[in-house]
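Me: Hi! I'm new to this one and have it open now. Can we walk through a few spots together?
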Amino acid sequence: VYMSKSDFSKAVPLLKHFITLQETSEAYYQLGKCLATCWEHLEAVIQYTKAIEMNGINNPDNATIYIQRGDVYEAMNMADLAYQDYRKIRRNAPKFHEAYVVYANELDAGGNPTEANRVRIFISKLFSYFVQIFKS
């Protein structure tokens, strides 16, 4: 409930409690997102890392987690670690963007062109960002 209301500081203790009851990769990922939003970057990196480890380091499903953790590394002025995460996406899930394309098309078909456009803009920004990273 707190996450849907963007009250991430209240969601953090609830997620931590949930994890004591049931450890899941998704719970660690959501906790990392909340912590990153609350500017608790180091703790967010720790939670994202736990989510990645639970899934298996080379699991293509980790692409979104690597993006989030890379963004936090950049916010911490740790560009080398951010680039390592972005490169892992390219190596482990080179076609992860295809799911976003399908999602955008489904949004269009469902009568939500505004949200579909936001997803397409995200994909476009992500690709231009990756091009910059891999040129260096």
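Me: Which residues is Arg69 in contact with, leaving aside neighbours within four places in sequence?
Reply: This is a predicted model, and in it Arg69 touches Val45, Tyr48, Thr49, Ile52, Asp85 and Lys88.
Me: Where is Arg69 found?
Reply: Arg69 belongs to helix α4, which covers residues 63–75.
Me: Is Arg69 buried or exposed?
Reply: Its relative accessible area is 7%. The cut-off for buried is under 20%, so Arg69 counts as buried.
Me: And which side chains make a polar contact with the side chain of Arg69?
Reply: Thr49 is one of them, at 2.8 Å. The side chain of Asp85 also makes a polar contact with that of Arg69, at 2.6 Å.
Me: Great, new topic. At what angle do α1 and α2 pack?
Reply: Helix α1 (residues 8–21) and helix α2 (residues 25–37) pack at about 155°, and their axes are 9 Å apart.
Me: What does that make them, roughly parallel or roughly antiparallel?
Reply: Angles over 145 degrees count as roughly antiparallel, so that is how α1 and α2 run relative to each other.
Me: Is the crossing left-handed or right-handed?
Reply: α1 passes α2 in a left-handed crossing.
Me: Which residues make the contact?
Reply: From α1 there are Phe8, Ala11, Val12, Leu15, Lys16, Phe18 and Ile19. The α2 side brings Ala27, Tyr28, Gln30, Leu31, Cys34, Leu35 and Thr37.
Me: How many of those are nonpolar, polar and charged?
Reply: The contact of α1 with α2 has 11 nonpolar residues, 2 polar and 1 charged.

Methods
Residues numbered from 1 in each chain as written. Predicted model: local features only at pLDDT ≥ 70, side-chain atom pairs only at ≥ 80, totals over all residues. Heavy atoms only, no water. Axes fitted to C-alpha atoms, helices over the stretch in contact; angles between N-to-C directions. Helix = DSSP H or I, 4+ residues; strand = E, 2+ residues; numbered from the N terminus. Parallel < 35°, antiparallel > 145°, perpendicular 65-115°, else oblique. Left-handed = near helix turned anticlockwise from the far one by under 90°. Contact = heavy atoms within 4.5 Å. Nonpolar A, V, L, I, M, F, W, Y, C, P; charged D, E, K, R; others polar. Buried < 20%, exposed > 50% of the residue type's maximum accessible area, 1.4 Å probe, protein only. Polar contact = N/O pair within 3.5 Å; in protein donor to acceptor, adjacent residues only side chain to side chain.
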